[in-house]
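Good morning, and thank you for coming.

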Amino acid sequence: MTGSYDVVILGSGTTAFAAAKTIAASGGRVLMVEQSHLGGTCVNWGCVPSKTLIHQAEVYFAARRGEAFGLNLAAAFPNCGLLMAEKRKAVETVRREHYQKELEANDRIDVLRGHGQFLSPQELQVGAEVVRCERFLIATGGIPRVARIPGLTDVDYLTSYSALHLACFPKSMIILGGGVIALEMGQMFRRFGTAVTILERGERLLKEFDPRLTQVFQEILEEEGVVLRFGVETRRIYREGEESCLVAEVAGEEQIFRAERLMLAVGTAPASVGIGLELAGVQVNEGGFIITDEEMRTTSPGIWAAGDVTGPPLIAPAGAREAEVAAQNMLNPEAHRRITHRHTPMAVFVDPELATVGISPEEAREEGREVVETCFDLDLVAKAHVMGGRRGRMLLVAERGSGRLLGVQLLAPRAADIIHEATLAVRFGLTVFDLAETIHVYPSISDGLRLAALENIRQQALA
Ligand SMILES: Cc1cc2nc3c(=O)[nH]c(=O)nc-3n(C[C@H](O)[C@H](O)[C@H](O)COP(=O)(O)OP(=O)(O)OC[C@H]3O[C@@H](n4cnc5c(N)ncnc54)[C@H](O)[C@@H]3O)c2cc1C
């Protein structure tokens, strides 16, 4: 297979598809090499299945909460089999509508099934075939990281992939790790009736968020019955009867945690092993992520990389944007398109949602900027009360004097949607004055951003 493609892409996930569509739209021909399901992690094992179940858990929780408001909904136990079937339907629909149909409609994009492995910078072995091309994009993504813990293989542990395919909800679950996936899935399983214990090695949740927000979320989570333990150093794991047992050191003392199931949520490892990177001259960093420059070039001329395999931010839209930039540079070496994630928003799909864009007050100060920060309570937003007294916070970081918005963090219902108003403001250099003068819908959670901006202006005047 030689010369018939302008670009060969290893993988067919969100990142690969974004690159393929960009190249095809410019008249190029693309081959994607895929060893598993079309569409990669996001549609098959990540965003779509997890958010479908998380949404149902939220509906179920809201229904039970509604009883307290006089809705008289006596929610029975959730039906795991039906929920999983609905989730499968969502996955299959998104895969068909967003990926399969795109391929069928686009005769410039082909897919070759099989495991791809470089033989040289211009040759990729796929099964019995050798694909030759002058330009490759590596978009192999990541896989759930498996911690090296004595005894781990003696228990039938879960990862984020297998936890989304359970036949029934376990009675109890230990989740090792306190990051995004642990919190999203931990709250979801708790709401479906599982007794959840989250064990985190660090001293607090989600370092990418301000503690004033994560503290409120932690309280909400604990009120729902999730047990959180910090400073946990895992020592070993063993099986006893039907239970998985985890021995850990917590504050200098040995403790044993027991549950029906153990889930690992200790991060994502890059899918960069066993793909012949050494033969292609592509270097990786100490974490195994492929090293790229801002134009998404690897250390090997003619080979680009994008998405999870290149490291954080490990979110689908970031990989897709990196892929578009890579594709533009592949097609036109003079383009020199670059990527920065300074304005890339990110959300955690817990309830209430967490979302962030821009920089934190500490990062702003490290850059030598004077800032005025406003931590605004959702209690002051009418919509929060309309919604049944929802708790949350909004953090605005604005440059002192100019009022330019540098960063925004939200803990609020639908924060993953509302963050886009802040994203536009941060990206295009808008100020708290712009935000305060913009009429917002009433009542709405977004109106909290306007109120927080007014408070920031008041603080600026006092400073
Ligand atoms: C549980 C979970 C929930 C998530 N939720 C969200 C969310 O809500 N929002 C969000 O933005 N992100 C979310 N993510 C992250 C998101 O899924 C990833 O950032 C995104 O899928 C990465 O896309 P990618 O194309 O770079 O890699 P992938 O989607 O992993 O695609 C890589 C593809 O390459 C294939 N491949 C790998 N090696 C080879 C090879 N040698 N030969 C052939 N094919 C190969 C794989 O089979 C795979 O299909 C979540 C992830 C998980 C695990």
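Predicted model: local features only at pLDDT ≥ 70, side-chain atom pairs only at ≥ 80, totals over all residues.

Let me begin with a definition: a salt bridge is a side-chain nitrogen of Lys or Arg within 4 Å of a carboxyl oxygen of Asp or Glu. By that rule, 1 salt bridge is found across the interface of domain 1 and domain 2. The side chains of E184 and K51 meet in a salt bridge, at 2.7 Å from N to O.

Residues are numbered from 1 along each chain as its sequence is written, and side-chain values use heavy atoms, with hydrogens and water left out.

Now to the domains, whose bounds come from an automatic or database domain assignment. Domain 1 covers 7–144 + 269–331, domain 2 covers 152–266, and domain 3 covers 346–462. The centres of domain 1 and domain 2, taken over C-alpha atoms, are 27 Å apart.

How many residues of each of these two domains are in contact? Counting heavy atoms within 4.5 Å as contact, 22 residues of domain 1 touch 15 residues of domain 2. The buried area, meaning the accessible area (1.4 Å probe) that two parts lose on being put together, summed over both, is about 1600 Å² between domain 1 and domain 2, and carbon and sulfur atoms give 73% of it. On the domain 1 side, W45, C80 and P144 lose the most area to domain 2, together 30% of what that side buries.

I turn next to the disulfide, defined as a pair of cysteine sulfur atoms within 2.5 Å. The whole structure holds 1 disulfide, and it joins C42 to C47 with an S to S distance of 2.3 Å. The torsion about the S-S bond of C42 and C47 is about -125°, so this disulfide is left-handed.

Finally, the backbone. Most residues other than glycine have a negative phi, and most peptide bonds are trans. Here, the peptide bond from P312 to P313 is cis, with omega near 0°. The bond from Y442 to P443 is also cis, with omega near -5°. A251, a residue other than glycine, has a positive phi, near 50°.

Thank you; I welcome your questions.
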